[in-house]
Structures are given as structure tokens and as C-alpha cells.
Amino acid sequence: MTTAPTHPATEPTERRRTPRVLRITDENGKRVPLWQLAVRYVLLIAVLALMVGPFLWQLSTSLKGPHEDIFSSPPEFLPSDPTFGNYGRVADTIPVWDYALNSLKVAVTNVLTNCVGAALAGYALARMRYRGRKAVLLAFILAMLVPVEGIIIAQFTTMRDLGLNNTLIAVLLPGCVSALNVLLMRNAFLNLPQEVEEAAFVDGANVWQRFVRIALPAVKGTLAVVAIFSFMGAWDDFLWPLIVLSDPENFTLTIGLNYLHGTFANDERLVAAGTIIAVLPLIVLFACLQRFFFRGVGEGAVKG
């Protein structure tokens with residue numbers, strides 16, 4: 001009589017799960033201690049408060065009603081009775097929309113001239129070979145070192161001799177092509193692989209075709225940076241329009257809002273509302289172009 005062999009009962013083995021330890025590393029894979037991470041976040045929050053805090057305070061002030069005390073101690077950040085009436089009062093006090101239209105004309109034209117002019121000049125400095133190229137590059141670098149206040153009288157006399165004083169063209173011309181934007185575009189074009197354009201040259205593409213079809217589409221990020229810088233510079237400019245403009249019909253927004261400080265110096269609500277009106281287009285522009293902006297900052301950051 002034979003008996004079947006018995007197999008030992010197989011019991012399911014439980015896998016021992018080791019607890020995972022959260023490791024925070026930097027871009028190089030090096031572990032960052034928690035105290036360093038805490039210090040970084042504290043500094044970032046402090047910088048954020050310094051940068052965004054005044055804007056939020058102006059926004060809160062612009063929404064406060066006429067019966068709220070904006071100078072209370074301790075100060076009240078949130079308005080108890082928010083209202084948009086201050087923005088309507090700004091429009092009733094000064095022709096703010098006419099001033100904003102003048103600023104928009106100057107800013108948009110400044111963006112177009114800087115994008116086109118800086119792209120052409122930057123490509124010529126980066127890719128073309130000709131006599132005096134280094135001298136031209138040095139001239140653009142030296143132009144950045146000259147303060148605006150040192151040449152503003154020469155600019156004014158030049159506009160007067162051309163018969164352009166008290167016009168929006170005079171506001172536009174001195175900053176139509178910025179030396180900084182030219183250098184940004186030059187560095188962006190320098191970072192493009194030379195082999196791609198050489199292949200296009202072998203295929204018969206001329207300079208304009210290589211510039212328009214190959215080089216320009218590859219630096220869209222830097223073009224966005226140039227557009228943002230140009231718009232901000234033209235929109236926020238105060239000193240040069242104040243000097244060259246005398247007719248209130250041609251005033252830009254920064255000049256027109258100055259009336260709120262002079263005539264209604266005691267009503268900070270109007271000043272705050274005018275400030276928000278002036279800053280809002282810049283926020284909208286940056287929100288639309290931010291993904292191109294951060295990509296474009298790195299396009300020209302390798303070579304100089």
C-alpha cells in the first residue's frame with residue numbers, strides 16, 4: 001500500500017514594506033536639508049510680500065468706500081464695503097481712457113519697432129561678417145551705460161529741430177530700438193546651431209530666407225521678452241513724455257494720472273484706482289506671454 005507523497009503546505013509570505021523616506025533634492029540630485037528648504041521658503045515669502053504687498057494694498061484702497069478710514073491704526077486690509085465707484089470717479093475727473101489710448105498707441109508701436117529692429121540688428125551682429133562688426137557691438141554696449149538723464153536735453157533739441165515736439169512720435173522715437181533688446185536678440189541668435197543655417201545655405205537659401213524661416217522662429221521666447229520689456233518701458237515712461245509733451249490731448253496715462261496727485265492729493269482712493277488702471281494692462285500682457293518669457297530668458301543666457 002503506497003501513500004501519496006505529501007507536500008508541505010505553502011503559506012503566503014508577507015512582503016516587508018520598508019517605509020519610504022521623503023527625500024528633497026535639487027536639480028543636481030543632491031539632497032537638500034529641511035532647514036535649508038525652510039529658509040528658502042521663508043525668503044521667497046518675504047520677497048513675495050515686498051513685491052506684491054504694495055500692489056495688493058493699492059487694490060484694497062481703490063475698493064474702499066468714501067466712509068472707510070484708510071489711515072486707521074491698526075490698518076484694515078480688506079474693505080468692509082467694497083465698491084468700484086472710485087474707478088468711475090477717476091474717469092469723471094480726468095479723460096483717463098483717452099490717456100490710456102495714447103499710451104497704448106505708443107506702447108504697441110514701440111513693441112513692433114523693437115521686435116523688428118532688434119531682431120534685424122541682433123541677427124546682423126550674430127551671423128553676418130563685415131568690417132566694423134565689433135565696433136558696432138561695442139557701440140551698443142556703451143549705449144547701455146549712458147544714463148537717460150545725460151542725453152535727454154539732446155533728445156529734446158533733436159525733436160524740436162525736427163518739428164516733432166508735442167507729438168506722440170517724439171515720445172516713441174528715442175526708444176524705438178533699445179540697445180538692450182538688440183543684445184538680447186544677438187545672444188539668442190548666437191545660441192542657434194550654425195549647421196542648420198549652413199545646410200539651408202547649401203540648399204540655396206539667401207540671408208533673408210534663413211533669417212525669416214530658420215532663425216526667427218527659433219527665438220520666439222526672446223522676442224516675447226523683448227515685447228514685454230518694450231511695452232513696459234513705453235507704458236511706464238514718465239520723464240520723457242513730461243518733457244516733450246505740452247498739449248493735454250497728447251498726454252500719456254502716466255502724465256495724466258499726475259493730475260490726481262495734484263488736484264486730489266487728499267483722496268488716496270482715486271490715486272489707488274488710477275494706479276490699478278495703469279498696472280492692469282501690464283499684468284494682462286505678462287499673463288499672456290509668461291510661458292514664452294521664461295523660455296526666452298534662457299535662450300540668450302549661454303553665450304555673450
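This is a predicted model: local features need pLDDT of at least 70, side-chain atom pairs count only at pLDDT 80 or more; totals for chains, interfaces and linings use all residues.
**Exercise 1. Describe the largest pocket by its volume and its lining.**

Step 1. The space within the largest pocket amounts to about 920 Å³.

Step 2. Its lining consists of 29 residues, and those nearest the centre of the pocket are Val148, Gln155, Pro174, Gly175 and Ser178.

Step 3. Sorted by class, the lining comprises 18 nonpolar residues, 10 polar residues and one charged residue.

Step 4. Helices that each supply at least two lining residues are α3 (96–127), α4 (133–145), α5 (148–161), α6 (168–172), α7 (179–190), α10 (220–236) and α11 (239–244).

**Exercise 2. Determine how α4 is placed against α7, and which residues form their contact.**

Step 1. The two axes, of α4 and α7, come within 8 Å and cross at roughly 135°.

Step 2. Angles over 145 degrees count as roughly antiparallel and those from 65 to 115 as roughly perpendicular; α4 is therefore oblique to α7.

Step 3. The crossing of α4 with α7 is left-handed.

Step 4. From α4, the contact draws on Leu137, Phe140, Ile141, Ala143 and Met144, while α7 provides Ala179, Leu180, Val182, Leu183 and Arg186.

Step 5. Nine of these contact residues are nonpolar, none is polar and one is charged.

**Exercise 3. Carry out the analysis for α3 and α7.**

Step 1. The axes of α3 and α7 come within 7 Å, with a crossing angle of roughly 50°.

Step 2. Angles under 35 degrees count as roughly parallel and those from 65 to 115 as roughly perpendicular; α3 is therefore oblique to α7.

Step 3. Here α3 passes α7 in a right-handed crossing.

Step 4. The α3 side of the contact is Asn114, Ala118, Ala119, Ala121, Gly122, Tyr123, Leu125, Ala126 and Arg127, and the α7 side is Asn181, Val182, Met185, Arg186, Phe189 and Leu190.

Step 5. By class, the contact of α3 with α7 has 10 nonpolar, three polar and two charged residues.

**Exercise 4. State the packing geometry of α3 and α10, and classify their contact residues.**

Step 1. The axes of α3 and α10 lie 8 Å apart, at an angle of about 145°.

Step 2. The handedness of the crossing of α3 with α10 is right-handed.

Step 3. On α3 the contact residues include Ala100, Ser103, Leu104, Val106 and Ala107, and on α10 they include Leu223, Val226, Ala227, Phe231 and Trp235.

Step 4. The contact of α3 with α10 contains 14 nonpolar and four polar residues, but no charged ones.

Definitions and conventions: Residues are numbered from 1 along each chain as its sequence is written. Side-chain values use heavy atoms; hydrogens and water are left out. On a 1 Å grid over the protein atoms alone, a cavity is a set of points where a 1.4 Å probe fits but cannot get out, and a pocket is an open set with protein on both sides within 12 Å along at least five of seven lines; lining residues have an atom within 4 Å of a point. Grid points are joined across faces, edges and corners, and a volume is the space filled by probe spheres set on the points. Helices (H or I, at least four residues) and strands (E, at least two) are DSSP runs, numbered from the N terminus. Ala, Val, Leu, Ile, Met, Phe, Trp, Tyr, Cys and Pro count as nonpolar, Asp, Glu, Lys and Arg as charged, and the others, Gly among them, as polar. Axes are lines fitted to C-alpha atoms, for helices over the stretch in contact, and angles run from 0 to 180 degrees between N-to-C directions. A crossing is left-handed if the near helix is turned anticlockwise from the far one by less than a right angle, and right-handed if clockwise. Contact means heavy atoms within 4.5 Å.
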